Each structure stands twice: as C-alpha cells, then as structure tokens.
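The sequence and the structure are shown below.

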Amino acid sequence: MTKTTSWGRYPKYLQTVNVANWSNQVETLSAKLPNGFLPFGNGRSYGDSCLASNDQVLSTRLLNRFISADWQTGVVRAEAGVLLSDVLEQSVTRGWFLASTPGTKMITLGGAVANDVHGKNHHVAGTFGRHVRKFSLYRSDIGIVECSRDENSELFHATIAGLGLTGTILWVEIQLKSIQSSLIDSQNIKFSNLDEFFTLSREIDKDFDYTVAWIDCISSGKNLGRGIYMVGNHADNGTLALPKSTKLIVPVDLPFSMVNRLTLKSFNTLYYNKQIRPKSVQTISYEPFFYPLDSILEWNRIYGRSGFQQYQCVIPEGNAQEVMKTILSTISKRNMGSFLAVLKRCSDISSPGLLSFPMEGATLALDFPQVEGKTDELFDALDAIVMEAGGRLYPAKDAHMSSRFFQQAYPQWEAVEKLRDPKIMSRFWQRVTR
C-alpha cells in the first residue's frame with residue numbers, strides 16, 4: 001500500500017491509501033477497515049481535513065469514468081474520482097465550461113463537492129455546490145443513497161461542504177456553463193493600495209464574470225495592499241480549442257523553504273512592476289487565467305520538507321475594507337508574507353452546503369512556510385482579528401483552527417455531525433469538534 005499526505009504536507013501524518021478501482025469495491029473496503037477511514041480524492045486539501053484520524057484513507061481517485069453526458073444541455077454525470085481537468089477536456093471543445101472552478105483543475109469531483117469549492121466568479125455564480133444536481137453516496141450504515149435537493153435533501157446539504165464526513169461519494173451530476181470560445185478577454189489593472197482595490201471592485205465587478213486580485217502582502221504604509229486586479233469574461237469569438245501548455249516541475253523536495261523575506265521582497269517587487277502600464281488588455285487561453293499554478297507540477301516542494309500552511313479567511317462586507325488593512329498590516333509587521341496572496345470579494349449568493357465557506361464580503365488567501373512557533377503565533381494573531389470581525393476560515397485549507405473558532409464560525413456543524421457516517425472521521429473534525 002502506498003502512503004500519502006495533504007498538499008501542504010503539514011501536519012505530517014502519513015496516510016495509508018486503500019484504493020477502490022470500482023464503485024462496488026467501496027463497500028468491501030469499508031468493511032475491511034473496521035476502525036474507520038476517510039474518503040480521499042486527489043489530495044489537494046492543504047491541511048488536515050483530508051487526513052483520517054486513524055491514518056487510513058479510502059481513495060476514490062481511480063473511480064474516474066464518465067457515466068453520461070448530454071451535450072445539448074450541458075449535464076454531465078461522472079464518477080467521484082474524475083478530475084476537473086478531465087471534465088474540461090471533454091466539455092470545452094463542445095462549448096461547455098465549469099460553472100464554478102477553483103484555482104486548480106487537479107481536484108476530483110468528489111473533492112469539489114466535499115469542499116464546496118468556489119472561484120473567481122462567486123459574485124455571479126456562487127459555489128460549485130450550486131451547480132450540483134445530484135450525487136450517489138455510500139454510507140457504511142445504510143448502503144448506497146442518491147441525494148438531490150428533492151431526494152434525501154438533508155444528506156444533500158450536509159454532504160456539500162461536508163468534508164467527506166457524511167459518506168463516500170460515488171458519482172456526481174453537474175450542470176455546465178455554455179461558452180462560445182475557450183479564450184478569455186482579460187484585463188490586468190494595477191492599484192496602489194487596498195482602498196483602490198475596493199473602489200475598483202465596486203466599480204467594475206458588475207462588468208466581469210471573473211475577478212480576483214494579487215496582493216503584495218509585504219507592502220506597507222501608503223502602498224499597503226497594492227496589487228494587480230485581474231478580471232475577465234469568456235470571449236464571444238474564437239476557437240473551442242484546448243490549451244497547449246508546457247509543464248515545469250519542481251523535481252525534488254528542497255531541504256529548506258525557498259519562500260523567505262528576501263525572495264518575497266524581490267518577487268513581489270518584480271511582479272508588481274513587470275506591468276508598466278496601469279491597464280493591460282489581452283485575450284488569452286483559459287488555462288493561465290484560471291490555473292496558473294497548474295503549470296508547475298509539485299509546486300508545493302518549494303516550501304521545503306517542513307511544508308506550508310495556507311491562511312484563507314473571509315470577512316463580512318460591512319467591515320471588510322478596514323479589517324483587511326489590519327490583517328495585511330499584521331502580516332507585514334511580522335516580516336512574513338506569501339508569493340501567492342489572493343484577494344477577492346464574494347457576493348451574498350447563498351451556498352447549498354451547511355459548512356460552505358463564502359459569505360458576502362472579502363476573502364484573502366496566503367501561503368506561509370511552516371516555521372515552528374513563528375507561523376502559529378502569526379495565525380493566532382490573525383485568528384483574533386477575524387473572529388472579532390465575525391469572519392471565518394476555510395476548512396479545506398486549515399491546519400490550526402481552534403474548536404472554539406470553528407464552532408462559532410460554523411454553527412451548523414452539529415447538524416453535519418448528526419449525519420456523519422459512523423465509520424468516517426478526519427483529523428480536522430476530531431480537532432474542531434472534540
């Protein structure tokens with residue numbers, strides 16, 4: 001049996017992988033794991049939400065077959081181990097795209113449901129779960145059940161954003177979005193500070209389906225929160241061709257993190273200043289627009305053997321602007337930062353999952369190398385700010401959140417606990433509910 005861990009490689013609990021090649025093997029494997037397990041997709045969750053409490057995971061990655069597709073309506077049904085990249089390969093050339101997609105296409109359909117992922121178009125399309133029509137779920141206590149908004153609806157809403165705790169997803173049926181071209185009409189707009197970002201967002205978000213900003217998180221003073229606002233729409237003209245991209249790879253685990261104060265300052269300065277004009281307009285392939293990091297295989301290795309943690313929070317709309325200033329100031333003063341600091345505003349479109357992360361407001365995501373003591377101290381300081389503001393953290397990215405913070409931010413956790421499969425437990429759930 002192979003061993004694996006989470007994408008952030010922190011905390012370090014090696015997981016024994018039990019592989020299901022066919023749907024009917026899920027029940028057999030479940031029976032052979034009397035002490036429990038956790039369903040496991042492609043392992044792209046950053047923290048411990050994809051780590052079993054007993055370190056035994058049931059991999060659905062090889063449940064990777066398409067079951068049906070109606071290319072007239074854009075309704076696709078596929079097994080839980082099918083990657084978003086697989087869906088795009090089949091759908092783009094036929095004029096369809098994912099209705100909601102995160103910043104990587106290397107996650108499974110089951111993982112997209114379990115974490116109710118969201119993307120650059122949350123302000124117009126909401127989360128991934130809003131476009132899920134139905135799915136099949138295997139539970140160790142009652143067997144296979146089919147769930148939709150009308151059938152087994154309690155399980156439907158608990159499973160979306162349910163972190164894999166309510167059963168093992170076997171297949172998912174989703175509604176795709178019609179497109180005329182695989183190209184994106186995009187604009188990159190420089191802004192000098194955080195206030196300019198919020199002004200831009202309020203002015204132009206209504207004109208674009210996709211919006212997100214890169215932030216120079218180590219900037220300070222009058223430049224606090226400077227960055228580049230990246231917006232786009234699917235082009236009306238152009239081919240429906242798949243992108244032809246070259247992949248790079250980080251070939252080995254580095255003994256130390258390449259992310260430090262010196263490299264961050266150099267990278268962020270170069271990245272901000274590489275665009276000379278205030279605005280850059282271009283038409284590009286969807287891949288670099290949605291999935292820039294997917295072009296670098298094993299990119300998590302740049303953080304070294306200690307791994308990394310991502311801190312992703314969302315702050316309610318009413319005080320998002322001022323609280324984000326406090327968060328960025330706290331990070332900058334501690335001489336810590338991230339190559340990838342992503343800021344976006346979310347809308348009030350409700351999510352179907354009981355534990356869905358987005359709320360109306362602004363969300364910020366940053367990656368930090370794991371430095372014993374130092375990273376935890378920073379996160380404690382940020383947690384206090386986010387809690388006071390009425391915000392919350394994203395469980396799919398978390399490896400540190402306290403039970404008090406989680407239960408305050410996600411009051412419906414008890415409803416999910418009541419519907420949890422009795423044989424399924426993650427290290428995350430154990431940490432935040434026990």
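Is Asp 48 buried or exposed? Asp 48 is buried, with a relative accessible area of 5%; buried means under 20% relative accessible area and exposed over 50%, with a 1.4 Å probe and protein chains only.

## Basis of the model

This is a predicted model, in which local features need pLDDT of at least 70 and side-chain atom pairs count only at pLDDT 80 or more, while totals for chains, interfaces and linings use all residues. Residues are numbered from 1 along each chain as its sequence is written, and side-chain values use heavy atoms, with hydrogens and water left out.

Asp 48 lies in the loop between β3 (38–40) and β4 (56–59). Strands (E, at least two residues) and helices (H or I, at least four) are DSSP runs, numbered from the N terminus.

Not counting residues up to four places away in sequence, Asp 48 touches Pro 11, Asp 398, Ala 399, Ser 426, Arg 427, Phe 428 and Arg 431, where contact means heavy atoms within 4.5 Å.

## Helix α10

Helix α10 (residues 374–388) has 15 residues. Its buried residues include Thr 375, Leu 378 and Phe 379. The buried residues of α10 pack against β18 (308–316), α9 (320–333), β20 (361–369), β21 (392–393) and α11 (403–409). Gly 390, which follows α10, has a positive phi near 80°.

In the contact between the two helices, Val 323, Thr 326, Ile 327, Thr 330 and Ile 331 of α9 meet Leu 378, Ala 381, Leu 382, Ile 385 and Val 386 of α10.

Definitions and conventions. Expected span 1.5 Å × (residues − 1).
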